Amino acid sequence: GIGLALVKDLVALHGGTVAVHSAGLGRGSEFEVRLPMVDGAPAATPAPVAEASAAQSLRILVVDDNRDAAQSLAFLLQIAGHETHLAHDGLEAVAAAAQLRPEVILLDIGLPKIDGYEAARRIREQQDGNNGLMLVALTGWGQEEDRRRSTQAGFDAHLVKPVETGALMRMLAAHRLSSR
């Protein structure tokens with residue numbers, strides 16, 4: 001799922017690889033992570049990513065009823081220096097958006113209580129228009145009808161899971177540049 005995709009992207013950022021092996025159904029799986037070694041004396045410890053990019057940080061609300069997926073994505077965004085918050089259903093997303101006033105919301109469509117389309121409409125209403133908010137559908141639903149409905153609900157973009165991390169980071173960087 002999304003966890004393995006995130007691990008693969010994080011390991012690739014460090015010049016490594018991830019491999020998965022299994023002897024078959026019911027026999028378990030083996031995950032192998034290979035990272036390159038650095039020759040010579042250890043380098044000075046770099047500043048944490050969050051501190052290094054605090055001026056570029058975005059306040060991001062991640063909304064997904066799959067708690068593991070939401071936490072994994074939030075962790076990846078924190079490593080990139082962003083402030084993250086979580087919600088796990090549509091009503092919680094609307095309340096969190098009102099309280100936090102995030103700059104970006106990554107919102108799943110298939111949510112309990114109210115779906116992502118209705119949550120997006122309510123968030124747009126309470127935001128009095130756009131106000132610099134980028135609302136991104138991050139969903140497993142990628143048909144043309146799904147994309148049309150997300151546009152009608154007020155989403156700025158529609159990404160299908162598992163999202164390619166580089167594409168998401170480029171989208172966030174472009175938003176940061178255009179809103180500051």
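The legends below describe close-up views of a predicted model.

View 1. The largest nonpolar core holds 21 residues. Within this core, L61, V63, I105, L107 and F155 touch the most other members. Two or more residues come from each of the strands β3 (59–63), β5 (104–107) and β6 (134–139), and likewise from the helices α4 (90–100) and α5 (116–126). A separate, second core has 18 residues, among them V104, L138, L168 and L172. In soluble globular proteins, nonpolar side chains tend to be buried together.

**View 2. The surroundings of F155.** F155 is one of the residues that touch the most other members of the largest core. When neighbours within four places in sequence are left aside, the contacts of F155 include L107, I109 and G116. Also in contact with F155 are Y117, A120, L135, V136, A137 and S150.

**View 3. T84 in strand β4.** T84 belongs to strand β4, which covers residues 83–87. Is T84 buried or exposed? T84 counts as buried because its relative accessibility is 14%, and the limit for buried is under 20%. The side chains of T84 and Q78 make a polar contact of 2.7 Å. Not counting residues up to four places away in sequence, T84 touches I60, A74, L77 and Q78.

**View 4. The salt-bridge network of D64, D108 and K161.** Salt bridges link D64, D108 and K161 in a network. Side chains of opposite charge can pair when their charged atoms come close. Between the side chains of D64 and K161, the N to O distance is 2.6 Å. This pair joins distant parts of the chain, 97 residues apart: D64 is in the loop between β3 and α3 (67–79), and K161 is in the loop between β7 (157–160) and α7 (165–179). The side chains of D108 and K161 also meet in a salt bridge, at 3.5 Å, N to O. Here the two residues are 53 residues apart, with D108 in the loop between β5 and α5 and K161 in the loop between β7 and α7. D64 is buried, with a relative accessible area of 6%. D108 counts as buried at 6% relative accessibility. K161 has a relative accessible area of 26% and is therefore partly exposed.

View 5. E145 and R148 form a salt bridge in which the closest N and O atoms are 2.3 Å apart. Where do E145 and R148 lie? Both are in helix α6, residues 144–153, and they are 3 residues apart, about one turn of the helix. E145 is partly exposed, its relative accessible area being 39%. R148 is partly exposed too, with a value of 38%. In total, the count of salt bridges in the model comes to 9.

View 6. Which residues make the nonpolar surface patch of about 240 Å²? The patch is made by V7, V33 and L35. L35 is found in the loop between β2 (30–34) and α2 (49–52). Why does L35 count as exposed? Its relative accessibility is 51%, and exposed means over 50%.

How values were computed. Residues are numbered from 1 along each chain as its sequence is written. This is a predicted model: local features need pLDDT of at least 70, side-chain atom pairs count only at pLDDT 80 or more; totals for chains, interfaces and linings use all residues. Side-chain values use heavy atoms; hydrogens and water are left out. Patches are made of residues with over 30% relative accessible area and no salt bridge: like charges are joined within 9 Å, nonpolar side chains (Val, Leu, Ile, Met, Phe, Trp, Tyr) within 5 Å. Accessible areas come from the Shrake-Rupley method with a 1.4 Å probe; for residues, only the protein chains shown count as cover. A salt bridge is a side-chain nitrogen of Lys or Arg within 4 Å of a carboxyl oxygen of Asp or Glu. Helices (H or I, at least four residues) and strands (E, at least two) are DSSP runs, numbered from the N terminus. Buried means under 20% relative accessible area, exposed over 50%, partly exposed in between (1.4 Å probe, protein chains only). A nonpolar core is a set of buried Ala, Val, Leu, Ile, Met, Phe, Trp, Tyr and Cys residues joined through side-chain atoms within 4.5 Å. Contact means heavy atoms within 4.5 Å. A polar contact is a pair of N or O atoms within 3.5 Å; within protein, one must be able to donate a hydrogen and the other to accept it, and residues adjacent in sequence count only if both atoms are side-chain atoms.
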